[in-house]
Amino acid sequence: MNTALTAECIVIGAGPAGLSAASQIGARGHSCVIIEANVSGGHILITPEITDYPGIEAISGYTLSSVLLKQAQSKNVTVMTGDKAVTLVQDHQNRYTITLESGTDLYAQCVVLATGLRSVNTGLPEESNYLGKGVSYCAECDGFFFKDKPVAVYGSGDGFTEAVDLLASDCKPVYHISPSGVCSTGDSVSSFEGWHITALEGDGILSALRLESQDHKQKRKIEVEGLFVYMGKEPADELLKPFLEEASDPARTGLFITGHLAGTETLVETCASGVSTAGQVSGYLNRKVNDLQILYQGEDEAVHVF
Ligand SMILES: Cc1cc2nc3c(=O)[nH]c(=O)nc-3n(C[C@H](O)[C@H](O)[C@H](O)COP(=O)(O)OP(=O)(O)OC[C@H]3O[C@@H](n4cnc5c(N)ncnc54)[C@H](O)[C@@H]3O)c2cc1C
């Protein structure tokens with residue numbers, strides 16, 4: 001059965017940006033719910049040590065996200081985890097309905113999208129069948145599942161070389177497959193530079209990859225139990241796509257974008273972006289109350305709308 005929740009503001013994504021925004025929205029006296037598809041914390045959860053946060057010598061990403069979560073909860077923010085926002089609908093008065101994967105509906109006067117970036121996949125249709133069954137996008141999170149087992153790292157660019165090096169200390173062998181990039185790797189790594197993956201194979205669990213050279217002249221099959229995909233990151237912006245025009249003027253529509261999704265890079269910028277968005281949200285909500293009061297005000301009497 002569907003249930004419904006109402007808040008002045010709903011924040012989607014409980015990474016550092018969303019949690020920073022939600023805390024400050026709560027601190028300014030507005031009702032706020034934050035929705036998170038997984039567990040709260042976002043990308044920093046897997047960062048062992050953050051050393052560039054002003055005023056803090058060093059802190060693990062896990063500890064920092066726990067503090068951010070506690071701060072949000074202490075400001076009366078309701079935190080809902082393990083449920084993904086799948087649709088966002090706006091009515092003609094700029095009120096929003098958010099539907100979660102579980103079927104729960106939430107209603108809000110304004111929305112903050114803090115959904116960050118997500119890993120680009122290989123584009124192979126069978127990839128989704130092997131998620132959690134051999135395919136991973138995070139060597140730090142899942143590498144230990146493949147200790148002494150054959151794995152491949154596929155891609156290039158940011159994080160790719162680090163993932164190869166990390167896995168090379170535990171997994172044997174480590175195949176490095178890069179359609180274009182060049183990567184300096186250790187002895188335990190077999191390199192396929194200028195090759196791409198054409199198929200993933202396995203009986204429910206990944207067991208092999210089919211490879212082809214870029215000139216299509218050579219083909220190989222390699223046996224692996226793990227495939228770590230590092231094809232880069234892209235904005236997690238599906239909820240935003242129907243609203244591109246509205247999002248360009250949040251002060252009018254109440255649809256705000258913050259954090260990595262809004263283009264920040266470092267954690268400090270990301271948290272600052274969340275805090276700054278909270279200020280804009282508060283201004284928007286206060287204006288909306290005033291506007292509605294003026295709209296509904298009788299000759300002698302103000303109407304309280306929230
Ligand atoms: C390995 C690693 C190490 C890093 N180390 C540092 C560092 O040392 N210093 C530094 O300054 N920066 C570092 N960064 C960058 C930092 O992590 C980012 O700046 C920050 O995480 C971005 O925060 P965000 O809240 O915008 O997005 P994210 O952290 O990506 O959080 C977005 C959240 O939204 C959720 N979400 C997405 N879609 C939905 C949906 N439809 N419904 C509900 N929830 C959804 C996601 O599950 C996620 O939890 C590092 C990043 C990584 C990956």
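## The model and the chain

Residue numbers start from 1 along each chain as its sequence is written. Because the model is predicted, local features need pLDDT of at least 70 and side-chain atom pairs count only at pLDDT 80 or more, while totals for chains, interfaces and linings use all residues.

The chain has seven helices and 17 strands. Helices (H or I, at least four residues) and strands (E, at least two) are DSSP runs, numbered from the N terminus. Of the 306 residues, 36% count as buried. A residue is buried if 20 or more other C-beta atoms lie within 10 Å of its own, exposed if 12 or fewer, and partly exposed in between, with C-beta atoms placed from the backbone. Among contacts with a separation of 6 or more, 59% link residues 24 or more positions apart; two residues are in contact if their C-beta atoms, placed from the backbone, lie within 7 Å.

## Helix H1

Let us begin with helix H1, residues 16-27. Its 12 residues reach 16 Å from the first C-alpha to the last, close to the 16 Å expected at 1.5 Å a residue. That expected span is 1.5 Å times one less than the number of residues.

H1 is largely enclosed by the rest of the structure, because 11 of its 12 residues are buried. Among them are Pro16, Leu19, Gln24 and Ile25. Just after the helix comes Gly29, with a positive phi of about 90 degrees.

## Around the ligand

The ligand is surrounded by 32 residues, of which the closest are Gly13, Gly15, Gly42, Gly116 and Gly259. Here a residue is near a molecule or strand if its C-beta atom, placed from the backbone, lies within 6 Å of it. H1, strand S2 (32-36) and helix H7 (267-296) each give two or more residues to this shell.

By residue type, the shell divides into 16 nonpolar, 13 polar and three charged. Ala, Val, Leu, Ile, Met, Phe, Trp, Tyr, Cys and Pro count as nonpolar, Asp, Glu, Lys and Arg as charged, and the others, Gly among them, as polar.

## Two covered strands

In S2, five of five residues are buried. Cys32, Ile34 and Glu36 point one way, while Val33 and Ile35 point the other way. In a regular strand the side chains alternate between the two faces of the sheet. S2 pairs in the parallel sense with strand S3 (residues 78-81) over four bridges; two strands pair if DSSP finds at least two bridges between them. Val33 has Thr78 of S3 as its bridge partner.

Strand S15 (residues 226-230) is also mostly covered, with five of its five residues buried. Gly226, Phe228 and Tyr230 lie on one side, and Leu227 and Val229 on the other. S15 pairs in the parallel sense with strand S8 (residues 135-136) over two bridges, where Val135 stands opposite Leu227. Five bridges join S15 to strand S9 (residues 151-155), again running parallel, and Gly155 is the bridge partner of Tyr230.

## A three-stranded sheet

Three strands form an open antiparallel sheet in the order S12-S13-S14. Its edge strands, each pairing on one side only, are S12 (195-202) and S14 (219-223). Neighbouring strands here are turned by 25 degrees against each other on average, direction ignored. The angles come from axes that are lines fitted to C-alpha atoms, for helices over the stretch in contact, and run from 0 to 180 degrees between N-to-C directions. Seven bridges join S12 to S13 (residues 206-213), and Trp195 stands opposite Ser213.

Glu223 is found in S14 and is partly exposed, with 14 other C-beta atoms within 10 Å. Leaving aside neighbours within four places in sequence, Glu223 is in contact with Pro150, Ser207 and Ala208.

## Backbone details to look for

Most residues other than glycine have a negative phi, and most peptide bonds are trans. Asn76, in the loop between helix H2 (61-74) and S3, has a positive phi of about 65 degrees. Asn76 counts as exposed, with 12 C-beta neighbours inside 10 Å. His216 also has a positive phi of about 65 degrees and sits in the loop between S13 and S14. His216 is exposed, with 8 other C-beta atoms within 10 Å.

Finally, the peptide bond from Lys172 to Pro173 is cis, with omega near -15 degrees. Pro173 is found in the loop between helix H4 (160-168) and strand S10 (174-178).
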